[in-house]
Amino acid sequence: MNAPPNAHQGVGVQMRGVRRSFGKQEVLKGIDLEVQAGEIFVLMGPSGSGKSVLLRHVIGLEVPDAGEILVNGESILTPGVMDKFRMAMVFQSGALFNSLTVGENVGLYLSEHQLKSPTEIARIVAEKLAVVGLKGTEEKFPSELSGGMKKRAAIARALVSEPQLILYDEPTSELDPISAVVIGEEIRTLNQRIGVTSLVVSHDRDLAFGIAHRIAVIHEGEILAVGSPDEVRRSHHPVIREFLHADFHREKTSL
Amino acid sequence: MFQNIGEMVLLLGRTLGALPFIWRQRAKVLEQFYEIGNASLLMICVLSFFLGGVIALQTGPLLAERGLHNAVGGLVGIAMAKEFAPIMMSILIAGRVGSAMAAEIGSMRVYQEIDALRTMNINPIHYLVLPRLVALACALPMLVTFSILVGWLGGAVVASVTGQIDIPIQSFFTNMKSVVEVKDVANGVFKSFCFAWIVGIVSCHQGLITRGGPRGIGRSVTKAVVNSIVLIVMFDYVLTRILLH
């Protein structure tokens with residue numbers, strides 16, 4: 001997993017001096033990052049380091065106090081940018097609509113924007129569910145799915161808009177190791193198949209080093225390191241070393 | 001408090017601004033309309049019958065003592081049409097439908113479903129608020145009209161079977177016909193139309209600003225119902241003042 005496969009569909013994301021405070025607490029302290037088109041970029045860090053908040057800024061759910069976020073050179077806050085670039089987000093909880101069936105959830109983007117006929121939507125929904133290994137679950141409700149299946153249904157929902165950028169918020173949290181590997185494989189397969197840019201936020205070291213083209217480590221709202229998985233692994237920064245090597249059986253001093 | 005009022009006015013403005021897109025949401029409007037109407041009809045029927053009956057029971061004997069027992073038809077007719085039906089049905093709908101709206105939207109907010117809508121470029125006002133408000137604004141006046149009719153019937157039945165009043169049903173309605181005008185019923189229905197917007201806006205707003213987990217949702221539901229009732233009673237006074245002129 002070194003170079004991104006192709007960048008024909010993906011978009012690049014630039015974050016310049018992004019700052020955000022909630023009350024007196026400064027959560028993002030001037031983030032500068034560049035995600036290249038078509039790559040899988042993993043933003044890794046301990047809980048509470050500002051990863052998810054940054055992700056919410058990238059898709060326009062939050063507005064930074066200072067700095068800017070550009071998608072292919074255009075500010076995310078410029079009217080019309082959200083229409084121009086197709087972006088999707090897979091939430092930590094999946095955020096599936098509990099009152100809708102899985103099929104309705106996956107087809108919601110198309111039906112609400114009236115982009116396809118109902119027959120065509122049903123065909124696309126079945127196709128996307130098959131891509132994530134959930135064939136035949138259209139009529140089920142989210143409450144009838146396991147945690148891993150919910151995450152995969154959320155990925156299918158994200159795929160329906162044929163996105164150029166997919167944001168994943170802790171895609172493997174609350175999953176068993178096998179489901180986590182399946183989700184990781186799906187992120188990688190999608191990237192290889194359609195060249196979509198993937199920005200993944202996670203504290204899962206196995207996932208990060210397993211799928212990323214590049215990794216950034218964030219801690220207390222600041223980026224500590226950016227580079228390839230090998231470069232990050234070789235980092236001598238004490239916080240990164242502690243994060244990467246934290247283990248039940250290892251003394252911190254032995255790191 | 002003032003921030004909330006400002007936000008509610010803004011939400012109302014945005015919802016009215018979204019009205020041209022209502023045709024797109026017609027399926028959801030019908031679904032909400034069915035939910036509001038079908039599930040409330042029996043409750044409203046029972047409540048209105050006894051409401052009309054109790055007005056007749058409270059006022060009938062007093063009027064009869066003064067030789068005015070024939071006037072009970074007009075009194076029940078006016079009371080139900082102008083005040084009791086619109087106020088009581090709106091409060092009932094605030095408790096039954098408004099609370100459900102606040103809970104549903106609130107849980108969608110807490111569990112990031114509204115964020116998910118926004119990431120799909122779907123406007124939550126178009127998708128969630130507009131269909132609910134339009135359905136409520138259509139359903140409540142119809143329910144109130146139904147409530148008025150059932151209330152009158154309740155008053156007539158009680159007036160005829162209560163020994164102290166003892167007016168035949170036909171006389172009850174003859175007296176009512178001479179007192180109650182179409183505009184009295186229209187006043188009540190118009191009031192309920194205004195109350196529908198109040199219940200809808202307050203409930204949807206409370207849902208949209210929900211924070212925290214289940215406790216936050218519970219708090220939003222309580223606030224939605226209490227604030228709706230307070231505003232209904234306040235606006236009832238204002239509307240009555242205006243309509244009297």
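**Notebook: a strand in chain A, a helical chain B**

I began with strand β7 of chain A, residues 165-169, and found it mostly covered, with five of its five residues buried. (My cut-offs: a residue is buried if 20 or more other C-beta atoms lie within 10 Å of its own, exposed if 12 or fewer, and partly exposed in between, with C-beta atoms placed from the backbone.) Helices (H or I, at least four residues) and strands (E, at least two) are DSSP runs, numbered from the N terminus.

A note on the source: this is a predicted model, in which local features need pLDDT of at least 70 and side-chain atom pairs count only at pLDDT 80 or more, while totals for chains, interfaces and linings use all residues. Residues are numbered from 1 along each chain as its sequence is written, and chains are lettered from A and ligands numbered from 1 in the order in which they are written.

**Entry 1: around β7(A)**

Which residues sit on each side of β7(A)? I found A:Leu165, A:Leu167 and A:Asp169 on one side and A:Ile166 and A:Tyr168 on the other, all buried. In a regular strand the side chains alternate between the two faces of the sheet.

Next I looked up the partners of β7(A), where two strands pair if DSSP finds at least two bridges between them. Strand β6 of chain A (residues 87-90) runs parallel to β7(A), joined by four bridges. Strand β8 of chain A (residues 197-202) also pairs with β7(A) in the parallel sense, over five bridges. I followed A:Ile166 both ways: A:Ala88 is its bridge partner on one strand, and A:Ser198 in β8(A) is its partner on another.

I then traced β7(A), helix α6 of chain A (residues 177-194) and β8(A), which make a right-handed β-α-β unit. (Right-handed: with the strands pointing away from the viewer, the path from the first strand over the helix to the second runs clockwise.)

**Entry 2**

Strand β1 (residues 13-22) and strand β2 (residues 25-35) of chain A pair in the antiparallel sense over eight bridges. Their hairpin has two residues between the strands, and A:Gly23 takes a positive phi near 65 degrees there. β1(A) also pairs with strand β4 of chain A (residues 66-71), antiparallel, over five bridges.

**Entry 3: chain B**

I counted eight helices and zero strands in chain B. Of its 245 residues, 47% count as buried. The C-alpha atoms of chain B fill a box of roughly 70 × 35 × 35 Å, taken along the principal axes.

How far apart are the end C-alpha atoms of helix α2(B), residues 26-65? They are 55 Å apart, which agrees with the 58 Å that its 40 residues should span at 1.5 Å a residue. (The expected span is 1.5 Å times one less than the number of residues.) I also noted a kink of about 45 degrees in α2(B), centred on B:Leu41. (The bend is the angle between axes fitted to the seven residues ending there and the seven starting there.) After α2(B) comes B:Gly67, with a positive phi near 75 degrees.

**Entry 4: where the chains touch**

Eleven residues of chain B are in contact with 14 residues of chain A. (In contact: C-beta atoms, placed from the backbone, within 7 Å.) Helix α4 of chain B (residues 113-119) gives the most to chain B's side, with five residues.

Notes
Contact = placed C-beta atoms within 7 Å.
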